[in-house]
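Please consider the sequence and the model shown here.

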Amino acid sequence: MGRNLQSRLAGSGERLRPVDLARAHGLSTQAVRNYEEAGILPAAGRTAHGYRVYTPLHAAALRAFLALVPGHGHGTAAAIMRAVNEGADGEAFRLVDGSHAQLLDDRHTLQAVESALRELERTAEREAGGGSGVVGVSGGGSGAWPGGGPGDGSGPWAGGGSGPGERAAGGRGTGPGLSGGPGTGVGSGAAFPSGGGTFIGPLARRLGVRPATLRAWEDAGLVRPPRDPRTGYRVYDEAAVRDARLVHQLRRGGYPLERIAPLLDRVRAAGGLEPLEGTLRDWRARLSARGRALLAGAAELEAYLRARG
């Protein structure tokens, strides 16, 4: 393949110096030589005195590479060009397909985030209309004791063992409960978080998951509830509830935990859900720009393949 390509280069007529290719694309002559040595450009012919001689085919290869970089990244674009120049077109097409598949996967991720945020907004609107806030435990509102009152066994710690379904400093579910027994009830000092928020039991029921699931999300770094300074129990404040709901929506959409973490980082970096809309717009714009870049790169790559023959 290399000898046949060299023969076509030698007979292609027009000769180009390294500086000719460099100037046409705002590059240095050293960059052009580096691209040749890396296999991004086909090997150049040489004059009797050893000077490199490039041709329009080299120019087409350089145009293809530079057009591929914005959509595929430098490393993948270089690998595509090396595969083409080595005659391994199938490998080059596989790399191209991989970049398109990654873009499609990123679009699905964005759609999942947008869907989760819309669901969070609808949930917040329903709760606001029903008189219970996002956190809704401290203050004794309608969301404080879902399914019952404090002391009838159906309060926020019902079904969670001897405590609020929580793991205190000494172990899991060891705190004072509300489902009966001496010293239980609001007067035990563990009925409400001291700084507002909600315990793990009520939040788990609200989301329709088990407390162990919330703990697993915390272990994965997805939800970060602070601890009540008096009891050591997890207290899900507004930010932690928001994160838990977003994780819940994405998990329902089939996304693994390791793919959810970067999305939550975006939410936290934006300072909440409302400011995230600007981030989402930028995200959509970047995906569209990558899509167009992939198309532009494909067009130049096809032109190079035709020129190469």
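The paragraphs that follow treat the overall fold and then its helices.

This is a predicted model, in which local features need pLDDT of at least 70 and side-chain atom pairs count only at pLDDT 80 or more, while totals for chains, interfaces and linings use all residues. Residues are numbered from 1 along each chain as its sequence is written, and side-chain values use heavy atoms, with hydrogens and water left out.

The protein chain contains eleven helices and four strands; these are DSSP runs numbered from the N terminus, helices being H or I of at least four residues and strands E of at least two. Of its 309 residues, 41% count as buried, that is, under 20% relative accessible area with a 1.4 Å probe, protein chains only. The accessible surface of the chain is about 15000 Å², and 51% of this belongs to carbon and sulfur atoms (Shrake-Rupley method, 1.4 Å probe). Among contacts (heavy atoms within 4.5 Å) between residues at least 6 apart in sequence, 61% join residues at least 24 apart.

Helix H3 spans residues 29-37, and its buried residues are Ala 31, Val 32, Tyr 35 and Glu 36. Seen down the axis of H3, these residues fall within an arc of 140°, so they line one face of the helix; the arc is that of the directions from the helix axis to the C-beta atoms. An α-helix has 3.6 residues a turn, so residues three or four places apart point the same way. The cover over the buried residues of H3 includes helix H2 (18-24), strand E2 (52-53), helix H4 (56-72) and helix H5 (74-85). After H3 comes Gly 39, with a positive phi near 85°.

From H7, Ile 200, Leu 203, Ala 204 and Leu 207 meet Pro 211, Leu 214, Arg 215 and Trp 217 of H8. In H8, Leu 214, Arg 215 and Trp 217 are buried. These residues cover an arc of only 160° around the axis, which puts them on the same side of H8.

H8 is followed by Gly 221, whose phi is positive, near 80°. Gly 221 is also among the contacts of Arg 268 beyond four places in sequence, which include Asp 243. Arg 268 lies in helix H10 (residues 257-270).

Terms used:
Buried means under 20% relative accessible area, exposed over 50%, partly exposed in between (1.4 Å probe, protein chains only).
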